[in-house]
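Thanks for coming. I'll take a few minutes on one structure, and I'd ask you to keep it open while I talk.

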Amino acid sequence: MDIGWLFYVGPTLAMVGMIAVGYNLKQTHGIGHLSRQLTPSTRLVPAPFCRLLSSAADAKPVADVQQRGDHLSITVDGKTFKFSYMWLRDHCRCPECYEHMCNQNLFNIVALPTDIKPKEVTLDKETLYLTWPDDHLTTYSMQWLLANAPGQRPSDRADQLQPLYWDRDNITANPPQDVHIDELRSANRGGLRKCLENLHVYGFTFVSGLEASKESTEEAVQLISNPMNTFYGSVFQYHNDGSVADTGHTSKGLQNHTDGTYFMYSPGGAVLHCLYHDGTGGENTLVDGYAAARRLRAQDPDLYEALRTIPVVTHFRDEVRDFRCNHHVFTHDVLTNQLEHIRFNPHDRLPLNYLSYEDAERFYAAYRALGRIINSPNNEVQTKLRPGRMLIFDNWRLLHGRVEFTGKRVMVSCFLSRDELQDLKRVVANLAL
């Protein structure tokens, strides 16, 4: 049967309680692989004898540690954390098990015995020591252990910038500030941080002060992130001559859509810079896809679920290429189950011959309902792209379109990697994503 154990720890461990109630403290790792037997001042002892450790008048029970048959539980300030022995052995941070320079695991989890259990557990002030059957010693600072306990799924920090899910009225009243190219050039990365914050909050940002050239556009892009390389190129210039088998390379109007739906890993960001236009029309539209999806879910959860589960096949095809991708309109993050990615492009859909009659009818009902929300004038903001002012937008969140135009319109564009943008948001903008 299970044997209960109890720790009584002095005031030096009081800070652990702060972690248990959600204080954001910097993580530190108590690590070490010691060749000699440690003799900590506070030892794991049978519960019936716990009073031997509390003879001092000021001794207070801070951590209640129970060693069960297959796990260790630690209760601090009324909150219990449960650690399996497998978890405790797997997360050892000693130099033999973890490469700190690379932040990578060295330990072979596959070779671990299923019934692994420490033969000794000891607590010394704020450090937990576990000795395994092969005499390997694992140490954890209680601060790191509780901060990384199973079930502590990362969530949005209350003190960080939150996304604004906007419609036409509130984005018109609260537009993102332009970032000047000189701010991007600054060594303190303040301009880059501002761009990333705009992308996080609004889903788009403008960079102004550029020259009307491909070279100036490329410089600005490189100051933010490496452009993705696709069959279009990395940073590419085009105009409405129809030289590419894409409606975007004509003068026709474009319905609101996301780009690259025919790529297995569609671009995380897109860049548009108008270098020249001698005609009329050509205004670009932007729609917050996350806000549109929320409205659909509130109106009809079944239609939302249809777009999350019924597959769509999109493609790009010309004389030498045939790109296609099977996907869903809505993709949720596998950890948080929150909407992460919208793929909506009415121009690129293949015939629905892969769906049953019933699924096709459900798809049409859901797709059309979402399209009506997306194309509502109340949810769309219109902007005229002009030379010197570059638009960057989150292609997993925002939809964009274009009004039909006349004359010659010269554009420079590129795509940005979702991975690189998310990395920059974490490192430069200090966002918890």
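This is a predicted model: local features need pLDDT of at least 70, side-chain atom pairs count only at pLDDT 80 or more; totals for chains, interfaces and linings use all residues.

The largest pocket first. Its volume is about 1200 Å³, and 40 residues line it. Which of them lie nearest the centre? Those are Asp-333, Thr-336, Gln-338, Leu-339 and Glu-340.

As for where the lining comes from, five elements each supply at least two residues: the helices α6 (190-201), α8 (289-299) and α11 (418-427), and the strands β18 (322-327) and β20 (339-342). The largest share belongs to α11, with 5 residues.

Next, the rings. A pair of aromatic rings is described by how far apart the centres are and by the angle of the planes. The count for this model is 24 aromatic pairs. One of them is Tyr-140 with Trp-144, a stacked pair at 5.5 Å centre to centre, with 5 degrees between the planes. Are these two residues buried or exposed? Both Tyr-140 and Trp-144 are buried.

Elsewhere, ring pairs join up into a cluster. Its members are Phe-231, Tyr-232, Phe-236, Tyr-238, Tyr-262, Phe-263, Phe-316, Phe-323 and Phe-415.

Last, the arginines. Arg-389 lies over the face of Phe-206, 3.7 Å from the ring centre. Arg-409 is placed over the face of Phe-405, and there the distance to the ring centre is 5.4 Å.

That's what I have; I'll take questions.

Notes. Residues are numbered from 1 along each chain as its sequence is written. Side-chain values use heavy atoms; hydrogens and water are left out. On a 1 Å grid over the protein atoms alone, a cavity is a set of points where a 1.4 Å probe fits but cannot get out, and a pocket is an open set with protein on both sides within 12 Å along at least five of seven lines; lining residues have an atom within 4 Å of a point. Grid points are joined across faces, edges and corners, and a volume is the space filled by probe spheres set on the points. Helices (H or I, at least four residues) and strands (E, at least two) are DSSP runs, numbered from the N terminus. Rings of Phe, Tyr and Trp (its six-membered ring) pair if their centres lie within 6.5 Å; planes under 30 degrees apart count as stacked, over 60 as edge-to-face and the rest as tilted. Buried means under 20% relative accessible area, exposed over 50%, partly exposed in between (1.4 Å probe, protein chains only). A charge sits over a ring if NZ of Lys or CZ of Arg is within 6 Å of the ring centre and within 35 degrees of the ring normal.
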